[in-house]
Amino acid sequence: MAKKKSQKQTAAGAASDDAAAVRKRDGTAKPLKALKPAAGVPLYVAARDAILAAIDDGTYALGSRIPSTAELSKQLDVSLVTGHRALQELVAAGVLRRSQGRGTFVDQRYREKIGNLAQTRIGLVFHAEASLADHYHGHLLEGVRQASHKLHVDVMLLRYGEDVRNECAGFLYVNLLPGDLESGAGRANRSKPTVVVGADCDEPDVATVDTDNRDLAARAVEHFVELGHKRIGFVGDKGGASNSRHRWEGFAAAVEQAGLEVDARHVFASSGWRLGPEGIAELSARLASPGRPTAIFACGYYFALDVYNAAQAAGLTVPDDLSVVGVDDPPSAEFLSPSLTTLRQPLTKLGYESVKLLVARINGKKTKARETMRADFVERNSTTAVE
């Protein structure tokens, strides 16, 4: 038979519990373990995540004061600069709050803030080079907005691709670049449903929504062939983002299928989304030389503008001397001189369907792993038959 605790033992136990509570409240909880550097993960991110984990497991209670920057840096075995940045990240995320002259505290409302948000919130991730002001990203974002309104979900635009407060139930990556999901930020999000829109991805647990870019390029080539062109050039990025790579593959395959050859002299590759002054000068020189291409597939709208500029500098007229087909159809495409023949991607629909797909996966539904859409061919005045 178990012995009853004496009043003295009970009092001692209560005192011990009170002491633990005081330690948590006053930031004197058990010290954190020293960090071990991990490849690809910045040290301040690892420090930030260690502090956040200590908050989530109750080491630092809601409303409690956490140790000073110097003390935390010592415990984690990082520099003061690293420790300071880690804390700044958590303050910016609303996990911590600073009080002048008193210290840094765990926000009392931290749990209330995340509450049930994870059931209705998705994280939206753009890569560092993206501009929401351009036609491509702007229309994708409009589709995301329409779907989020229809499906009653919140969208959080994430910095560095990370959800510091664990508010998101899933993640939507826009126009993913190679290595984005393998980065520290990408790995941090991979435990939840993930969809990539505007790019392809080889990860088996990641769904994708994109235009059929091989088909898009092939249709441009087929149009040129129907018009009698035999020297067809390519301007664009061959090996960066997956959509650029697939357009090159579709172009090359269609040229060969037509019984023609891909002439390396007619291929002008760029590592970005424009040729730049040097690239335009090189293209212009080629267009002014014998055996020049009579038609060019520009695998982006700004590449098409570069082709127009190069043709003008070479003394050629579009389309009489050079036919051009581009990709995407912003309002200005119709008002170029001549108006641009182009492949119009269903950008708004891509954004909309990507949110639908992500929400379905968050809710545990079985979905397609890959969803592709066909671009619309818009014929205007920048192409003509070879005489």
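How are H2 and H4 oriented to each other? In this predicted model, helix H2 spans residues 43-56 and helix H4 spans residues 80-92. Their axes lie 8 Å apart and form an angle of about 55°. H2 and H4 are therefore oblique to each other. The crossing of H2 past H4 is right-handed. On the H2 side, the contact is made by Leu43, Tyr44, Ala47, Arg48, Ile51 and Leu52. These residues meet Thr82, Arg85, Ala86, Leu87, Glu89 and Leu90 of H4. By class, eight residues of the H2 and H4 contact are nonpolar, one is polar and three are charged.

Two packed helices are described by the angle between their axes and the distance between the axes. The pair H8 and H9 can be set out in these terms. Helix H8 covers residues 213-226, and helix H9 covers residues 242-257. H8 and H9 pack at an angle of about 40°, with axes 7 Å apart. That angle makes H8 oblique to H9. The H8 and H9 crossing is right-handed. H8 contributes Asn213, Arg214, Leu216, Ala217, Ala218 and Val221 to the contact. Their partners in H9 are Asn243, His246, Arg247, Glu249, Gly250, Phe251, Ala254 and Val255. The contact of H8 with H9 comprises seven nonpolar, four polar and three charged residues.

A further pair is formed by helix H10, residues 276-287, and H11, the latter spanning residues 301-313. The H10 and H11 axes come within 8 Å and cross at roughly 50°. H10 is thus placed oblique to H11. H10 passes H11 in a right-handed crossing. From H10, the contact involves Gly276, Ile280, Leu283, Ser284 and Leu287. From H11, the contact involves Asp306, Val307, Ala310, Ala311 and Ala313. Seven residues of the H10 and H11 contact are nonpolar, two are polar and one is charged.

Rolling a probe the size of a water molecule over the atoms shows where empty space is left. The largest pocket of the model has a volume of about 760 Å³. Its lining consists of 29 residues. Nearest the centre of the pocket lie Asp134, His137, Asn175, Gly272 and Trp273. Three helices each supply at least two lining residues: H6 (135-151), H9 and H11. H9 also packs against H8, and H11 also meets H10. The lining of the largest pocket divides into 11 nonpolar, 13 polar and five charged residues.

Backbone geometry was examined next. Most residues other than glycine have a negative phi, and most peptide bonds are trans. Histidine 152 has a positive phi, near 60°. The place of histidine 152 is the loop between H6 and strand S4 (154-157). The peptide bond from valine 318 to proline 319 is cis, with omega near 5°. Proline 319 belongs to the loop between H11 and strand S11 (323-327). Serine 337 and proline 338 are also joined by a cis peptide bond, and here omega is about 0°. Proline 338 is found in the loop between S11 and strand S12 (341-344).

Notes: Residues are numbered from 1 along each chain as its sequence is written. This is a predicted model: local features need pLDDT of at least 70, side-chain atom pairs count only at pLDDT 80 or more; totals for chains, interfaces and linings use all residues. Side-chain values use heavy atoms; hydrogens and water are left out. On a 1 Å grid over the protein atoms alone, a cavity is a set of points where a 1.4 Å probe fits but cannot get out, and a pocket is an open set with protein on both sides within 12 Å along at least five of seven lines; lining residues have an atom within 4 Å of a point. Grid points are joined across faces, edges and corners, and a volume is the space filled by probe spheres set on the points. Helices (H or I, at least four residues) and strands (E, at least two) are DSSP runs, numbered from the N terminus. Ala, Val, Leu, Ile, Met, Phe, Trp, Tyr, Cys and Pro count as nonpolar, Asp, Glu, Lys and Arg as charged, and the others, Gly among them, as polar. Axes are lines fitted to C-alpha atoms, for helices over the stretch in contact, and angles run from 0 to 180 degrees between N-to-C directions. Angles under 35 degrees count as roughly parallel, over 145 as roughly antiparallel, 65 to 115 as roughly perpendicular and the rest as oblique. A crossing is left-handed if the near helix is turned anticlockwise from the far one by less than a right angle, and right-handed if clockwise. Contact means heavy atoms within 4.5 Å.
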